[in-house]
Amino acid sequence: MADNINNTGGGGGNAGLAFIVGAIVVVLAIVAYFVFARGGADTKDVNVDVNLPEVSAPSVPSAN
């Protein structure tokens with residue numbers, strides 16, 4: 001008995017997945033450019049001086 005098998009509908013199912021993976025690669029490349037090429041971590045000299053007044057606790061009334 002001869003089987004008549006036609007495989008004519010294969011190969012195009014991964015086009016959507018390839019497009020999504022390509023888009024993810026492009027987005028990651030753009031993020032990497034902004035992080036590494038433009039100096040994502042700028043080293044700026046930040047000098048912070050905080051002077052607070054000394055606060056003392058209220059006095060406790062004596063128990064006579």
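Is F19 buried or exposed?

Reply: F19 counts as exposed, at 64% relative accessibility; buried means under 20% relative accessible area, exposed over 50%, and partly exposed in between (1.4 Å probe, protein chains only). This is a predicted model, where local features need pLDDT of at least 70, side-chain atom pairs count only at pLDDT 80 or more, and totals for chains, interfaces and linings use all residues. Residues are numbered from 1 along each chain as its sequence is written, and side-chain values use heavy atoms, leaving out hydrogens and water.

F19 sits in helix α1, which covers residues 15-37.

Together with I20, I24 and L28, F19 makes a nonpolar surface patch of about 460 Å². Such patches take residues with over 30% relative accessible area and no salt bridge, joining nonpolar side chains (Val, Leu, Ile, Met, Phe, Trp, Tyr) within 5 Å and like charges within 9 Å; a salt bridge is a side-chain nitrogen of Lys or Arg within 4 Å of a carboxyl oxygen of Asp or Glu. Areas come from the Shrake-Rupley method with a 1.4 Å probe; for residues, only the protein chains shown count as cover.

As for the whole protein chain, 0% of its 64 residues count as buried. The chain exposes about 6700 Å², with carbon and sulfur atoms supplying 60% of it.

Conventions: Helix = DSSP H or I, 4+ residues; strand = E, 2+ residues; numbered from the N terminus.
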